[in-house]
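Biologist: I'd like to learn how to read a protein model one feature at a time. Could we go through this one together?

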Amino acid sequence: MSGPRMSVIMVTPDRFERLGRTLEALKRQSVADRLEIVVVAPSRGEARVDEMDLTGFAGHQVVETGPVKSSAVQRAAGVRSATAPVVAFTEDHCFPAAGWAEALIDAHQGRWAAVGPAFENGNPGTLMSWMNLLIEYGQWISPVAAGPKDQIPSHNSSYKRDLLLAYGDRLEEMLETETVLQWDLRAQGHDLYLEPAARTRHFNFSLLPGTLLLRVSVGRGFGAARAREWSLPRRMAFAAASPLIPLVRFARMVPVVRRCDPERRLYPRVLPLLLAGFIVDGFGEFLGYAFRGGDADERVTEFEYDRPLHMRPEDRQEWQAMPS
């Protein structure tokens with residue numbers, strides 16, 4: 001097969017250099033020569049892209065979007081510009097391990113509409129970091145079994161490009177909350193797959209103030225996206241029932257904590273904090289059902305790009321120690 005096998009979409013709100021550590025992880029992939037790197041930035045001049053850092057891949061391109069308030073706009077632009085049949089999303093705080101790209105490409109030889117990776121904690125030194133990772137990616141934390149899934153990770157999974165392009169002008173809207181996108185793909189009869197041979201190391205918020213704001217904003221954005229086409233009575237019904245959501249999510253997560261913590265270093269110490277996190281997230285979801293999303297998506301985007309500000313100094317040092 002000629003041409004790149006997978007396009008990796010890398011988004012920056014400003015400087016190209018902030019992508020350096022993730023880019024180094026991609027250069028170490030066994031199939032780097034089969035990857036297309038799609039750098040999406042407000043402008044080439046502002047990003048100061050160094051073309052020499054993009055050598056060694058099957059190809060690369062820089063996509064200019066102008067100033068944006070949501071990363072979904074940039075990711076959609078990357079999808080439309082990509083040339084490979086599979087597109088994978090990456091983040092500047094999530095670092096693919098060796099074999100990540102090959103495992104995703106191989107899995108996409110199957111019928112799967114989307115394939116997701118397994119997660120490891122990049123800054124595991126605090127319960128706060130573990131709480132955030134568990135809420136966002138708990139069911140996919142390594143070790144985890146391969147197989148078809150009802151849902152796979154947001155922001156770091158791979159999709160068959162033609163299925164995303166089929167959304168047309170709605171692609172930005174669908175990428176705001178990938179859970180909703182995945183529900184829609186499954187409703188169309190497509191299947192999702194988790195490939196644990198594709199591992200990635202995720203850095204998480206580890207300070208309380210930023211965590212509270214993040215969890216409320218993420219919850220509100222999800223609630224608003226889920227209820228985007230609902231009638232007012234249905235939205236109010238879900239808003240009224242939303243206090244039950246944290247309890248349901250917590251009950252589902254307890255066995256996950258036990259599975260990914262065989263040496264009992266976290267269990268049961270993390271459980272009270274995890275329940276509190278679900279409650280804050282659930283309050284945000286209530287706001288999304290009752291009052292729509294407001295500026296939740298923009299705030300989440302800001303938090304994502306300013307992640308080091310919301311981590312302990314020790315965690316920032318660990319991040320800085322990553323190869324770049």
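Biologist: Where does His108 lie?

Modeller: Keep in mind that this is a predicted model. His108 is in the loop that runs between α4 (100–107) and β6 (114–121).

Biologist: Is His108 buried or exposed?

Modeller: Buried means under 20% relative accessible area. His108 has 5% relative accessibility, so it counts as buried.

Biologist: What does the side chain of His108 make a polar contact with?

Modeller: With the side chain of Ser158, at 2.9 Å. Leaving out residues up to four places away in sequence, His108 also touches Val86 and Tyr159, among others.

Biologist: And α4, which of its residues are buried?

Modeller: They are Trp100, Ala101, Ala103, Leu104, Ile105 and Ala107. That makes six of the eight residues of α4, so the helix is largely enclosed by the rest of the structure.

Biologist: How do I read a pair of packed helices?

Modeller: Two packed helices are described by the angle between their axes and the distance between the axes.

Biologist: Which residues make the contact?

Modeller: From α10 they are Arg235, Met236, Phe238 and Ala239, and from α12 they are Phe286, Tyr289, Ala290 and Phe291. Sorted by class, that contact has seven nonpolar, no polar and one charged residues.

Biologist: What about α5 and α12, at what angle do they cross?

Modeller: The axes of helix α5 (residues 127–137) and α12 cross at roughly 55° and come within 9 Å. At that angle, α5 and α12 are therefore oblique to each other, and the crossing is right-handed. On the α5 side the contact is made by Leu127, Met128, Met131, Leu134 and Ile135, and on the α12 side by Leu273, Leu274, Gly277, Phe278 and Asp281. Those residues divide into eight nonpolar, one polar and one charged.

Definitions and conventions. Residues are numbered from 1 along each chain as its sequence is written. This is a predicted model: local features need pLDDT of at least 70, side-chain atom pairs count only at pLDDT 80 or more; totals for chains, interfaces and linings use all residues. Side-chain values use heavy atoms; hydrogens and water are left out. Helices (H or I, at least four residues) and strands (E, at least two) are DSSP runs, numbered from the N terminus. Buried means under 20% relative accessible area, exposed over 50%, partly exposed in between (1.4 Å probe, protein chains only). A polar contact is a pair of N or O atoms within 3.5 Å; within protein, one must be able to donate a hydrogen and the other to accept it, and residues adjacent in sequence count only if both atoms are side-chain atoms. Contact means heavy atoms within 4.5 Å. Ala, Val, Leu, Ile, Met, Phe, Trp, Tyr, Cys and Pro count as nonpolar, Asp, Glu, Lys and Arg as charged, and the others, Gly among them, as polar. Axes are lines fitted to C-alpha atoms, for helices over the stretch in contact, and angles run from 0 to 180 degrees between N-to-C directions. Angles under 35 degrees count as roughly parallel, over 145 as roughly antiparallel, 65 to 115 as roughly perpendicular and the rest as oblique. A crossing is left-handed if the near helix is turned anticlockwise from the far one by less than a right angle, and right-handed if clockwise.
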